[in-house]
Amino acid sequence: MSDTEPVAATHKHKFRYLLPPGNNFAFVAKFRAWIIISLLLMSVSIGTLFVNRSVRGSYMNWTIDFKGGTEIVFAFKDKAKPDAGFIKVETGKVRAALAAEDGIEVSDISWDDDNGKRVDGMMVRSARFSALKPADETKAQAAFLEKFKDREIGKANWSGDRLYVRSRKVIKPEEAAPVFFAAAGLELKPWLPAEVNQYEHPDEGTGEYNSSFAMWGLDRQYQKILEAALPDTSATVQQSYGVGAKAGDKLRDDAAKSIVYAIFLIMLYLAFRFDIRYAPGAAFATIHDAIMVIGVFALTWTPVNLTSVAGLLTVMGYSVNDTVIVFDRIRENQAKLKDKKIERIIDISINEMLVRTILTSATVFATTLIMNIFGTGDVKVFAFAMNVGVIVGTYSSIFLAAPIFMYVSKKWYSGPPKKRTLPAPVPTVDSTVEEA
């Protein structure tokens, strides 16, 4: 081997390239087609929302976080040792037992009992407000009003599994229980000590008794399901209450605002980090990603909760990060390749970043795919949002953000160079004339 022969010629790399060095894919030439496809897919995503509204009655599969429902807290004991205190039950077993119920969310919850001991229980959230049928509620309410008409009842309305009553004379649960059972077969829950103190004393201002009669509904139904699925365990209802739809509407509005604020801050960041030319492309790519993820959730009727919103915001952050990396390389090449057109600079920049983008996206996608396959509950929902988001985020960084930047640059930041006005030549005196 001669001294001038390069070492690389005799020593080959022992690793394989994902793409051969010097790849030169023509991205800019296909930009128009990809933008048209993106606009069509965004239209389909938005159209899916309205189809769901007309067919299923709701734009998306909102969970209790957004449309309200019932939250029930359970604690568990070992049937063989009922006096040994509460025990901890695996979340997966509770979730599997209630898998047949629609709109169920299960999560761990802990609290201290009256003796200061730690209790590990389970919170079950259902999109249903009541296990009672409307016909049963009507019968029970009519029988209740007829039985206690001498108590001067001013109001009696159902809310979930509870009948809220305002009367001039006290009505005790042991009096009301036979009425509910005879009229509609409903079982009345006994009042807790705190409820006895509250409901058996009149209001100091009006002198009226404001009482609440809770029926065994979803909580008793789920309790029986859990005890059947866990034969060695007894489940006790610690708390059961409804979450109004009004709170869900506020959460939904706040979620929409958070997405809008995120897009605005992204544009502001890019305007300062680079310049204003880069902001429209990144903003449109982010909007595209958000719409596509929402469209997939609507098309697959995947439950949408606060974790889904967190996943969507994470997708937006991932997409912006990928877009910023591509933009940074474009800016570097603009400074180095001043003799080339903007189209060629963009092609070179994307080709240089292509392997890095593929490897990063594939790694994130593989990780979240495993979470999606083997995860449950909120983990699965978050991973599904990330799966979709990694695909559309990587795509939008290349085929949406870059072409919009190119369009803005060519439209407002380029053009024929301004004509320069040369100074008038200074007259010179001929030397022969001076000699003459």
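These legends go with a set of close-up views of one predicted model.

**Figure 1. The whole chain, before we zoom in.**
The chain has 13 helices and eight strands. Of its 436 residues, 39% count as buried. If you look at contacts between residues at least 6 apart in sequence, 71% of them join residues at least 24 apart.

**Figure 2. Phe27 meets Phe399.**
A search of the whole structure turns up 17 aromatic pairs, and this view picks out one of them, Phe27 with Phe399. The ring centres sit 5.9 Å apart with the planes at 55 degrees, so this pair is called tilted. Phe27 comes from the segment before α1 (31-56), while Phe399 belongs to helix α12 (residues 377-412), so the pair ties together parts that are 372 residues apart in sequence. Both Phe27 and Phe399 are buried.

Phe144 and Phe148 make another tilted pair, at 5.0 Å centre to centre and 55 degrees between the planes. Phe144 counts as buried, with 0% relative accessibility, and Phe148 is buried too, at 2%.

**Figure 3. Lysines over ring faces.**
Here are two spots where a lysine lies over the face of an aromatic ring. Lys77 is over Phe86, at 5.0 Å from the ring centre. Lys189 does likewise with Trp216, also at 5.0 Å from the ring centre.

Side chains of opposite charge can pair when their charged atoms come close. The whole structure holds 15 salt bridges, and one of them joins Glu105 and Arg125 at 3.2 Å, N to O. Glu105 is in strand β3 (residues 104-112) and Arg125 in strand β4 (residues 118-126), so the bridge ties together parts that are 20 residues apart in sequence. Both Glu105 and Arg125 are buried. Bring Glu71 into the view and you have a salt-bridge network of Glu71, Glu105 and Arg125.

Glu187 pairs with Arg220, the closest N and O atoms being 3.6 Å apart. This pair links distant parts of the chain: Glu187 is in the loop between α5 (173-184) and α6 (193-199), and Arg220 is in helix α7 (residues 218-229), 33 residues apart. Glu187 counts as partly exposed, at 36% relative accessibility. The other bridge here runs between Glu332 and Arg329, at 3.6 Å, N to O. Both of its residues lie in helix α10, three residues apart, or about one turn of the helix. Glu332 is partly exposed at 37% relative accessible area, and Arg329 is partly exposed at 24%.

**Figure 4. A nonpolar patch on the surface.**
Phe264, Leu265, Leu268 and Phe272 form this patch, and together they show about 470 Å² of accessible area. Leu268 is in helix α8 (residues 245-273). With a relative accessible area of 40%, Leu268 counts as partly exposed.

His288 is part of helix α9 (residues 279-300). Is His288 buried or exposed? At 1% relative accessibility, His288 counts as buried. Leaving aside residues up to four places away in sequence, His288 touches Ser38, Met42, Val392, Tyr395, Ser396 and Leu400.

**Figure 5. Lys341 in its loop.**
You'll find Lys341 in the loop between α10 (306-336) and α11 (342-374). Lys341 is exposed, with a relative accessible area of 66%. Its C-alpha atom is separated by 10.0 Å from that of Lys410, although these lysines are 69 residues apart along the chain.

Most residues other than glycine have a negative phi. Glu152 has a positive phi, near 55 degrees. Glu152 sits in the loop between α4 (134-147) and β5 (153-159) and is partly exposed, at 46% relative accessible area. Trp301 also has a positive phi, of about 55 degrees. The loop between α9 and α10 holds Trp301, which is partly exposed with a relative accessible area of 24%.

Terms used. Residues are numbered from 1 along each chain as its sequence is written. This is a predicted model: local features need pLDDT of at least 70, side-chain atom pairs count only at pLDDT 80 or more; totals for chains, interfaces and linings use all residues. Side-chain values use heavy atoms; hydrogens and water are left out. Rings of Phe, Tyr and Trp (its six-membered ring) pair if their centres lie within 6.5 Å; planes under 30 degrees apart count as stacked, over 60 as edge-to-face and the rest as tilted. Helices (H or I, at least four residues) and strands (E, at least two) are DSSP runs, numbered from the N terminus. Buried means under 20% relative accessible area, exposed over 50%, partly exposed in between (1.4 Å probe, protein chains only). A charge sits over a ring if NZ of Lys or CZ of Arg is within 6 Å of the ring centre and within 35 degrees of the ring normal. Patches are made of residues with over 30% relative accessible area and no salt bridge: like charges are joined within 9 Å, nonpolar side chains (Val, Leu, Ile, Met, Phe, Trp, Tyr) within 5 Å. Accessible areas come from the Shrake-Rupley method with a 1.4 Å probe; for residues, only the protein chains shown count as cover. A salt bridge is a side-chain nitrogen of Lys or Arg within 4 Å of a carboxyl oxygen of Asp or Glu. Contact means heavy atoms within 4.5 Å.
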